Amino acid sequence: VQNDLGRQLNGIIEKAVSRKASDIHLQEGRDPLFRCGDLLEDAGGVTVEASLLQTWLDTLGPKAEETGFASAAYTWDRGIRCRVHISRELAGIHAVIRLLYPLADLPPDEDQPFLNDLGRLKDGLILLCGPTGSG
């Protein structure tokens, strides 16, 4: 995503990463919200324009125009994976960006060796479950 949308999104993601947010909620005409732990924090100072979110939805393809929603994933500048879901809602276009930080960037804990082993697996399915907000 380039131009005005790309610059605005990069600034929002930069601010979210500096706060160690796990999710970014974007709604047209409102300030972005960052999920930091179990709190939603106002990003402050940046209002998301409807035209920019519409451009983003349009770039995700014709199916998004038909259904009113789309999902995508990309890697942001620092190797942070971003999973995006964007949809047309009653209150306007809404997008959620989930920030997936590299394992090495997370604070170490007792599960680190186990997670490192899982990260080296070449195939298979790994299912991890936990309460909302547990990561």
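**The salt bridges, pair by pair**

Tutor: Arg19 counts as partly exposed, because its relative accessibility is 31%. Please keep in mind that this is a predicted model, in which a search of the whole structure finds three salt bridges. In one of them Arg19 pairs with Glu41, and the closest N and O atoms of the two are 3.6 Å apart. Glu41 belongs to strand β3 (residues 39-42), while Arg19 lies in the loop between α1 (3-18) and β1, so this pair ties together parts that are 22 residues apart in sequence. Glu41, at 28% relative accessibility, also counts as partly exposed.

Another salt bridge joins Arg98 and Asp23, with 2.5 Å between the closest N and O atoms. Here Arg98 lies in strand β6 (residues 92-100) and Asp23 in strand β1, so the parts tied together are 75 residues apart in sequence. Asp23 is buried, because its relative accessible area of 5% falls under the 20% cut-off, whereas Arg98 is partly exposed at 39%.

The remaining pair is Asp117 with Arg120, whose closest N and O atoms are 2.7 Å apart. Asp117 is partly exposed, with a relative accessible area of 45%, while Arg120 counts as exposed at 54%. As a general point, side chains of opposite charge can pair when their charged atoms come close.

Technical notes:
Residues are numbered from 1 along each chain as its sequence is written. This is a predicted model: local features need pLDDT of at least 70, side-chain atom pairs count only at pLDDT 80 or more; totals for chains, interfaces and linings use all residues. Side-chain values use heavy atoms; hydrogens and water are left out. A salt bridge is a side-chain nitrogen of Lys or Arg within 4 Å of a carboxyl oxygen of Asp or Glu. Helices (H or I, at least four residues) and strands (E, at least two) are DSSP runs, numbered from the N terminus. Buried means under 20% relative accessible area, exposed over 50%, partly exposed in between (1.4 Å probe, protein chains only).
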